[in-house]
Amino acid sequence: MEGVPQDCPGAGSAQAGRGSSCQGCPNQRLCASGAGAAPDPAVEEIREKMKAVRHRILVLSGKGGVGKSTFSAHLAHGLAEDEDTQVALLDVDICGPSIPKIMGLEGEQVHQSGSGWSPVFLADNLGVMSVGFLLSSPDDAVIWRGPKKNGMIKQFLRDVDWGDVDFLIVDTPPGTSDEHLSLVQYLAAAGINGAVLITTPQEVALQDVRREISFCRKVRLPILGVVENMTGFVCPKCKKESQIFPPTTGGAEAMCQALGIPLLGRVPLDPLIGKSCDRGQSFLTEAPDSPATAAYRAVIQRIRESCRQHRPEGAPGPNS
Amino acid sequence: MLRAQGRAVHQCDGGWVPVFVDPEKSIALMSVGFLLEKPDEAVVWRGPKKSALIKQFVRDVAWGPLDYLVVDTPPGTSDEHMATVEALRPYSCLGALVVTTPQAVAVGDVRRELTFCRKAGLQVIGVVENMSGFVCPHCTECTNVFSTGGGEELARHAGVPFLGSVPLDPTLARSLEEGGDFIQDFPKSPAFPALSAIAQKILEQTATTLS
């Protein structure tokens with residue numbers, strides 16, 4: 001829906017098309033007819049599309065800068081190390097699409113075919129899609145309001161030809177807004193295995209994660225667990241450990257215990273992680289002996305096992 | 001972070017009363033955090049509702065006479081950013097302070113933010129590079145945990161001032177969370193001179209804009 005007014009009451013609301021701010025909106029007649037309250041046909045179309053996708057995982061964070069995209073990318077790398085596992089990585093951070101850079105795919109373009117948009121393949125078993133591939137310059141800004149972002153997400157879910165996929169990982173922007181609501185709504189019929197929540201140890205980050213957990217509970221999105229990033233730093237010179245982001249309230253461990261949510265793992269801060277991402281390389285292969293790599297691998301294994309044990313609600317199709 | 005959690009927002013004839021964080025009432029604060037019934041409550045709003053609240057924050061809060069209104073925004077170039085610019089545009093002297101961390105992945109997103117500033121007609125006061133190096137408290141070796149140099153390079157590429165780098169300081173993080181007054185308690189922190197220098201540059205720049 002284009003040209004939505006500032007105080008849009010919402011296409012599905014009782015005031016749709018009837019509110020004072022609806023005057024002059026190009027969608028006024030459509031909303032007043034009650035069409036906005038009808039279920040979006042895309043939900044069924046996406047359910048059909050998702051029949052070829054065995055597991056769907058959202059990676060969320062309450063706060064920016066906690067390493068969510070880094071984690072999403074390495075979850076994809078880790079799962080795809082098994083050549084028989086088909087992995088798809090979808091970046092729905094429309095305004096800050098960093099996945100192409102982290103995956104070493106900057107400058108790649110997306111192609112259209114009869115069966116839809118083709119993702120960019122890093123390997124035969126690892127396909128990636130991001131709005132970053134649709135932008136012609138690294139300086140281009142995507143200055144879009146919610147409805148336009150939602151339209152893009154719908155297209156990503158409905159029109160990308162992933163092929164047969166074992167794991168679809170969706171990297172999201174921080175927060176609990178349009179992108180997150182749209183993902184949950186469009187995937188309502190297909191089902192989502194669950195969400196992985198990323199945080200750092202400090203209370204300021206945990207506060208936002210608790211809100212993210214509240215969001216998951218409100219929209220009935222299962223939570224696979226929490227990953228605590230940047231847990232401790234080992235000085236390369238003296239080898240002593242320090243806490244760069246002090247866990248003043250017990251870190252993710254205390255929060256998970258209090259809320260009854262699995263702590264999937266704690267990943268220490270290794271400067272090589274940032275460098276690998278900047279170079280578009282997998283940290284898992286660049287630094288195989290780093291304690292951070294061991295931590296990532298343990299988390300990835302737990303996620304794989306968790307998906308094997310549970311099918312998402314509403315998901316049709318063969319058993320995994 | 002400003003030790004104002006749990007405070008309530010009241011109404012007066014002039015509008016909503018902001019929360020003052022110091023006894024001298026030199027820093028007033030408004031946040032959706034003050035409007036939540038519970039601190040862990042999620043704000044699950046789509047763009048139009050967020051934009052409407054931002055307009056209210058600008059229009060309906062009884063800020064009183066101010067020297068500086070500092071607006072902290074979420075990452076991105078979407079509803080919140082457009083709403084803030086639109087709500088503040090009628091008032092003069094609107095500028096943007098753009099914060100990045102040093103690594104290329106962060107800079108990759110922040111250069112798009114600079115494009116947003118240009119398109120929105122926002123003057124860029126400068127770029128700040130945060131989390132720039134960590135000094136080990138045991139041996140004082142400085143490690144660039146999030147790489148180095150990205151902020152300065154970004155400012156050069158975009159033709160905007162580079163205001164400075166702020167190193168990582170766990171005592172800053174701890175102080176913010178434990179209710180300390182960082183400026184009072186840690187003048188010896190490596191972050192303190194960096195933050196003071198940046199604040200000074202901003203004061204000088206904005207003074208020349210006003211005169």
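This is a predicted model: local features need pLDDT of at least 70, side-chain atom pairs count only at pLDDT 80 or more; totals for chains, interfaces and linings use all residues.
Residues are numbered from 1 along each chain as its sequence is written, chains are lettered from A in the order in which they are written, and side-chain values use heavy atoms, with hydrogens and water left out.

**Interface between chains A and B**

- 56 residues of chain A contact 53 residues of chain B; contact means heavy atoms within 4.5 Å.
- About 4800 Å² is buried between chain A and chain B, and carbon and sulfur atoms give 56% of that area. Buried area is the accessible area (1.4 Å probe) that two parts lose on being put together, summed over both.
- Between chain A and chain B there are 27 residue pairs in polar contact, both residues at pLDDT 80 or more. A polar contact is a pair of N or O atoms within 3.5 Å; within protein, one must be able to donate a hydrogen and the other to accept it, and residues adjacent in sequence count only if both atoms are side-chain atoms.
- On the side of chain A that touches chain B, at least two residues each come from elements including helix H5 (146-159), helix H6 (178-186) and helix H7 (203-218) of chain A. Helices (H or I, at least four residues) and strands (E, at least two) are DSSP runs, numbered from the N terminus.
- H7(A) gives the most to that side, with eight residues.
- By class, the side of chain A that touches chain B has 25 nonpolar, 16 polar and 15 charged residues. Ala, Val, Leu, Ile, Met, Phe, Trp, Tyr, Cys and Pro count as nonpolar, Asp, Glu, Lys and Arg as charged, and the others, Gly among them, as polar.

**Salt bridges**

- Three salt bridges are counted between chain A and chain B.
- One salt bridge joins the side chains of Arg111(B) and Asp139(A) at 2.7 Å, N to O.
- Asp139(A) is partly exposed, at 23% relative accessibility. Buried means under 20% relative accessible area, exposed over 50%, and partly exposed in between (1.4 Å probe, protein chains only).
- Arg47(A) and Glu44(A) meet through their side chains at 3.1 Å, N to O. Both are in helix H2 (residues 41-49) of chain A, three residues apart, so about one helical turn separates them.
- Glu153(B) and Arg156(B) form a salt bridge at 2.9 Å, N to O. Glu153(B) is partly exposed at 42%, and Arg156(B) is exposed at 58%.
- Glu45(A), Arg158(A) and Asp159(A) are linked in a salt-bridge network.

**Nonpolar cores**

- The largest nonpolar core has 89 residues; Phe71(A), Leu90(A), Phe156(A), Leu157(A), Val196(A) and Ile303(A) touch the most other members. A nonpolar core is a set of buried Ala, Val, Leu, Ile, Met, Phe, Trp, Tyr and Cys residues joined through side-chain atoms within 4.5 Å.
- Helix H11 (residues 291-309) of chain A supplies the largest share of this core, seven residues.
- Beyond residues up to four places away in sequence, Phe71(A) touches residues including Val59(A), Val196(A), Tyr296(A) and Ile303(A).
- A second, separate core of 16 residues includes Val85(B), Val98(B), Phe116(B) and Ala120(B).

- Cys95(A) lies in the loop between strand S2 (87-91) and H4 of chain A. Cys95(A) is buried, at 7% relative accessibility.
- Leaving aside neighbours within four places in sequence, Cys95(A) contacts Val142(A), Lys149(A), Gly76(B), Thr77(B), Ser78(B) and Arg112(B).
- Nine of the 10 residues of helix H2 (residues 79-88) of chain B are buried, so the rest of the structure largely encloses H2(B).
- Cover for the buried residues of H2(B) includes H5 and H6 of chain A, together with helix H1 (47-60) and H3 of chain B.

- Most residues other than glycine have a negative phi.
- Lys25(B) has a positive phi of about 55° although it is not a glycine. Lys25(B) is exposed, at 56% relative accessibility.
- Thr140(B) has a positive phi of about 65° and is not a glycine either. Thr140(B) sits in the loop between strand S7 (134-135) and strand S8 (142-143) of chain B.

Key: A salt bridge is a side-chain nitrogen of Lys or Arg within 4 Å of a carboxyl oxygen of Asp or Glu.
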